[in-house]
Amino acid sequence: MKTFKIAPSVVSLDTAEDFCERYCINENDLVITNDFTWNKFFKNQRAGNLIFIQNYGIGEPNDEMVERIFRDIKSEYTRVIAIGGGTVLDVAKLFALRQTSPVTDLFDKNISAIKEKRLILVPTTCGTGSEITNISILEFKKRHTKFGLADDALYADEAVLVPELMDGIPFSVFAVSSVDALIHAFESYLSPKASVFSQTFSIQAAKMILSGYKKIENGAELSPELLKSFLVASDFAGIAFSNAGCAAVHAMSYPLGAEFHIPHGEANYTVFSGVFKTYMKREPNGAISLLCGIISKILGCDGAEALDELDRLLDSAVLKKKRLGEYGMTREQITKFAASVTENQKRLLSNSYVPLTTEQIAEIYAELY
Ligand SMILES: [Fe+2]
């Protein structure tokens, strides 16, 4: 049986001022954001609890960050408003639950995820699609990897898209977040859980993102219009992977991201072509041939060259791909990481286009080393 669900209401607003008028931030709110966004757009607002994420660490979200925020929340709240990138949104989702701490128990499912507060998610990047998904990903420091909690209790009540909040986004942040969204679209398209509904969102997201990259390659600036299309595309990809799941690319990126503090989208991009070329070798005639056909039409190349042309476009317009050794990975870590992926990322690996053994995962790492 395949099911398809879009849970949050999607609200589109033009400006931060429109947001303030509609939501009236007040003493019953827990607001999680970063000081740059708050001071630029919301500094006249008063929240009961105001958390600036950068005071709890930089980079990807982790369990220690969540526990420290939990300890710093001083007063009761009935609504959680998160305004930020994937880290802010993934962390904020956990604070809409009846019980957030110990967060390890939550992710180990010793505590049930029960939604208790109203949850408003406002992205300021165009990648994770977290505002639309039921997933929170955290690095667990002592376990040296990341885990995802996928539960319908993590759906927002409202995902609010305000393109003005992306104004001035650094290109490097745009690059790693949008490439993550592209990989969400591709992985969900190939997932055994994909349906015609989820694939429609996957394809539309891929078309919008790749067309945008082509414009950038031809010299386009990150205009408000272009950023808005990436914001919508990242939600389309989020809808697709919320239903069909991400897979081996995400699974293999997690030990890299956790160990070397590589931004999530960049870690995905580093392993993406290795995983997809392995898929192509193992099962060239299934959904991957349809996907390559779609990519080749957008990029204007032959189907057989789609993955190579995609690599070229991404490298030229978006992000230079590094080899794993350049991040400081050692050859000994190839087998260690492969074993960790098989042991810890079963949720993701079960969505892979073809099943991958620990040895095959190690071969992909070795190829990319
Ligand atoms: Fe992702």
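Analyst: Two strands pair if DSSP finds at least two bridges between them. In this predicted model, strand 4 (residues 79-84) and strand 5 (residues 118-123) pair in the parallel sense over 6 bridges. One of the residues involved is Gly84, whose bridge partner in strand 5 is Pro123.

This pair belongs to an open sheet of 6 strands with parallel pairing, and the order of the strands is 1-8-5-4-2-3. The edges are taken by strand 1 (9-12) and strand 3 (49-52); each has a single partner strand, so one side of each is left without a neighbour in the sheet. On average, and with direction ignored, neighbouring strands of this sheet are turned by 15° against each other.

Turning to the helices, helix 6 (residues 171-190) packs against helix 10 (residues 264-282) at an angle of about 50°, and their axes are 7 Å apart. That angle makes helix 6 oblique to helix 10. The crossing of the two is left-handed. From helix 6, Val176, Ser177, Val179, Asp180 and Ile183 meet His264, Gly265, Glu266, Asn268, Tyr269 and Phe272 of helix 10. The residues of this contact comprise 5 nonpolar, 4 polar and 2 charged.

Helix 9 (residues 248-260) contains Leu256. Leu256 counts as buried because it has 25 C-beta neighbours inside 10 Å. Neighbours within four places in sequence aside, Leu256 is in contact with Ile262, Ala267, Thr270 and Tyr327. The C-alpha atoms of Leu256 and His144 are 9.5 Å apart in space, while the two residues are 112 residues apart in sequence.

Methods. Residues are numbered from 1 along each chain as its sequence is written. This is a predicted model: local features need pLDDT of at least 70, side-chain atom pairs count only at pLDDT 80 or more; totals for chains, interfaces and linings use all residues. Helices (H or I, at least four residues) and strands (E, at least two) are DSSP runs, numbered from the N terminus. A residue is buried if 20 or more other C-beta atoms lie within 10 Å of its own, exposed if 12 or fewer, and partly exposed in between; C-beta atoms are placed from the backbone. Two residues are in contact if their C-beta atoms, placed from the backbone, lie within 7 Å. Axes are lines fitted to C-alpha atoms, for helices over the stretch in contact, and angles run from 0 to 180 degrees between N-to-C directions. Angles under 35 degrees count as roughly parallel, over 145 as roughly antiparallel, 65 to 115 as roughly perpendicular and the rest as oblique. A crossing is left-handed if the near helix is turned anticlockwise from the far one by less than a right angle, and right-handed if clockwise. Ala, Val, Leu, Ile, Met, Phe, Trp, Tyr, Cys and Pro count as nonpolar, Asp, Glu, Lys and Arg as charged, and the others, Gly among them, as polar.
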